[in-house]
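Please open the model in a viewer and keep the selection tool at hand. The stops below are arranged so that each selection leads on to the next.

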Amino acid sequence: MSRVALGERLDLPRAKLTGELTRLVDTGLVEIGGPAASRGGRRSTLVHLADDLRFVSADVGATSVNVAVTDGRCEVLASQSEECEVRQGPTPVLGRVVDLAERVLEKAPGRLMGAGIGLPGPVSFRDGMPVAPPIMPGWDRYPVRDELAGKWGCPVTVDNDVNVMALGERHAGVARSLDDLIFVKVGTGIGCGIVLGGKVYRGVAGTAGDIGHIRLDDYGPACACGEVGCLEAYFGGSALARDALTLARSGRSTMLAEKLNDHGRLNAQDVGDAAVAGDFAAANLVREGGRRLGHVVASLVSFLNPGMVVIGGGVSRLGHPLLAEVRSSVYRRSLPLATGNLPIVLSELGDLAGVTGAAWSATERAFAPMN
């Protein structure tokens, strides 16, 4: 933006603004551009973050890793993903993250200023490490931040994957500029990122939003956390694959049986494809899962009164049939005052939500004032 507009936004006198900009230019963080649009009188000049600033961001899921490099404005310049089981443990998974980071940095070289990573489990944001994550054996209190900071020589932030997805949608996606929203990720696991007052709310120990382990039934299916009847045990990606396999083997779904015969396995996307094609049993799985998810989201809406609900993650590719069930449950179960102007929408950024949000987290750390 122009110097004048920047001074007005920060409410700084011209002399103070000039001094600060000079210091930032000298450190290589800011560059002076061409003339700004005329507002009458002498034309101001444009200022912007230096073009060669780079941030690495990584989104580690239960079964995949996505790594990107962004500029200082968190716009993705290059990204690369691959299948990777988080259950392999921290050493091989973080090794893949480092390798992919080298590849994307080769495509968009520059000065590495910071990095951010999202992990699929409870994370101590302060300490930069996962804590007793249910689906990540071997990761408990592993020093992820310190290891990556040592390899890359820059500040690193580590957060829960759904928190960084919420940040991504808030800054660059469908929830752009909203200060209060919830982001529900439905993938192998289920979680919720909560943004209040423009900031991610993590709770005292960093476990806020762990809705996947809300118990729906004392006698339900076993969950990865060791309990039974959790939402995740009913509608996570693994649960959908499990139920789809049952439908295929029992003959209740001919389409899923054909897919199983062709590929030897089934996943959530197979369920979605069969449901869209008119398979009654698969469509019923989507409806029941969406209904259960909607019940939990309705409670969140009544409690937090957000400005938007965003549904993302791999299972969200089930699309509008899933969205319709969630909307129906939320609008039916929550107060009209809370839902009268409440959009419930699918993620706009899709697979880039996590890496975009991780980059935002990294910039907040790298650009923070030094004490």
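**Stop 1: a pair of helices**

Helix 3 and helix 4 cross in a right-handed manner (a crossing is right-handed if the near helix is turned clockwise from the far one by less than a right angle, and left-handed if anticlockwise). Helices (H or I, at least four residues) and strands (E, at least two) are DSSP runs, numbered from the N terminus. The model is a predicted one, in which local features need pLDDT of at least 70 and side-chain atom pairs count only at pLDDT 80 or more, while totals for chains, interfaces and linings use all residues. Residues are numbered from 1 along each chain as its sequence is written, and side-chain values use heavy atoms, with hydrogens and water left out.

Select residues 90-107 for helix 3 and residues 144-152 for helix 4. Their axes come within 12 Å and cross at roughly 35°; axes are lines fitted to C-alpha atoms, for helices over the stretch in contact, and angles run from 0 to 180 degrees between N-to-C directions. Which residues make the contact? Helix 3 supplies Leu-94, Val-97, Val-98 and Ala-101, and helix 4 supplies Val-144, Glu-147, Leu-148, Lys-151 and Trp-152, where contact means heavy atoms within 4.5 Å. By class, this contact holds seven nonpolar, no polar and two charged residues (Ala, Val, Leu, Ile, Met, Phe, Trp, Tyr, Cys and Pro count as nonpolar, Asp, Glu, Lys and Arg as charged, and the others, Gly among them, as polar).

**Stop 2: the sheet beside these helices**

Next, display the open sheet of five strands, ordered 5-4-3-6-9 with mixed pairing; two strands pair if DSSP finds at least two bridges between them. Its edges are strand 5 (76-83) and strand 9 (156-160), each of which pairs on one side only. On average, neighbouring strands are turned by 15° against each other, direction ignored.

Helix 3 lies across strands 3, 4, 5 and 6, at about 145° to strand 5. Helix 4 lies across strands 3, 6 and 9, at about 145° to strand 9.

Now select strand 3 (53-60) and strand 6 (111-119), a parallel pair with seven bridges. Here Ser-57 has Gly-116 of strand 6 as its bridge partner, and Asp-59 stands opposite Gly-118. Continue from strand 6 to strand 9, which pair in the parallel sense over five bridges.

**Stop 3**

Move to the open sheet with the order 12-11-10-13-14, which has five strands and mixed pairing. Strand 12 (199-200) and strand 14 (344-346) are its edges. Select strand 10 (181-186) and strand 13 (309-312), which run parallel over four bridges; Lys-185 is partnered by Gly-312 in strand 13. Helix 10 (280-304) lies across strands 10, 11 and 13, at about 160° to strand 10.

**Stop 4: a pocket**

Finally, select Leu-24, Leu-49, Thr-363, Phe-367 and Ala-368, which lie nearest the centre of the second largest pocket among its 27 lining residues. On a 1 Å grid over the protein atoms alone, a pocket is an open set of points where a 1.4 Å probe fits, with protein on both sides within 12 Å along at least five of seven lines; lining residues have an atom within 4 Å of a point. How much space lies in this pocket? The volume is about 1,200 Å³, taken as the space filled by probe spheres set on the points, which are joined across faces, edges and corners. Helix 13 gives the largest share of the lining, five residues. The lining comprises 15 nonpolar, five polar and seven charged residues.
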